Amino acid sequence: MAIVQDAYDLTDDILMKILTGEYRRIGSVIRYATGPNKGQIVKHLKPVRMEAYDSF
């Protein structure tokens, strides 16, 4: 069995809302976790290539 791992570049505001519980990430989709918009899509994430970050 192969294991596939994707990396995503999150903006600070989205990351903070995930950490506070306002948003949740399911795969590559960010959704509202609470409130009247619960379940609605906030953003689709695109995978980033890790080779670009290996040089840091």
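This is a predicted model: local features need pLDDT of at least 70, side-chain atom pairs count only at pLDDT 80 or more; totals for chains, interfaces and linings use all residues.
**View 1. Alanine 7 sits in the segment before helix H1.** Is alanine 7 buried or exposed? With a relative accessibility of 19%, alanine 7 counts as buried, because the cut-off for buried is under 20%. Which residues does alanine 7 touch, once its neighbours within four places in sequence are left aside? They are Lys46, Pro47, Val48 and Met50. Asparagine 37 is another story: 30 residues separate it from alanine 7 along the chain, and their C-alpha atoms lie 26 Å apart.

**View 2. Three strands make an open sheet.** Read across the sheet and you get the order S1-S2-S3, with antiparallel pairing. Strand S1 (23-26) and strand S3 (41-44) are the edge strands, since each of them pairs on one side only. On average, neighbouring strands in this sheet are turned by 25° against each other, ignoring direction. As a bit of background, strands of a sheet pair through backbone hydrogen bonds, and they can do this in a parallel or antiparallel way.

**View 3. S1 and S2 form a hairpin.** Strand S2 covers residues 29-32 and runs antiparallel to S1, with four bridges joining the two. You can pick out some partners by eye: isoleucine 26 has valine 29 in S2 as its bridge partner, while arginine 25 has isoleucine 30. How many residues lie between the strands of this hairpin? There are two, and glycine 27 takes a positive phi near 65° in this hairpin.

**View 4. On to the pairing of S2 with S3.** These two strands also go together in the antiparallel sense, over three bridges. Look for valine 29 again, and you'll find histidine 44 of S3 standing opposite.

**View 5. Leu15, Met16 and Leu19 make a nonpolar surface patch.** The patch comes to about 300 Å². Leucine 15 belongs to helix H1, which spans residues 12-20. The relative accessible area of leucine 15 is 34%, so this residue counts as partly exposed.

Notes:
Residues are numbered from 1 along each chain as its sequence is written. Side-chain values use heavy atoms; hydrogens and water are left out. Patches are made of residues with over 30% relative accessible area and no salt bridge: like charges are joined within 9 Å, nonpolar side chains (Val, Leu, Ile, Met, Phe, Trp, Tyr) within 5 Å. Accessible areas come from the Shrake-Rupley method with a 1.4 Å probe; for residues, only the protein chains shown count as cover. A salt bridge is a side-chain nitrogen of Lys or Arg within 4 Å of a carboxyl oxygen of Asp or Glu. Buried means under 20% relative accessible area, exposed over 50%, partly exposed in between (1.4 Å probe, protein chains only). Contact means heavy atoms within 4.5 Å. Two strands pair if DSSP finds at least two bridges between them. Axes are lines fitted to C-alpha atoms, for helices over the stretch in contact, and angles run from 0 to 180 degrees between N-to-C directions.
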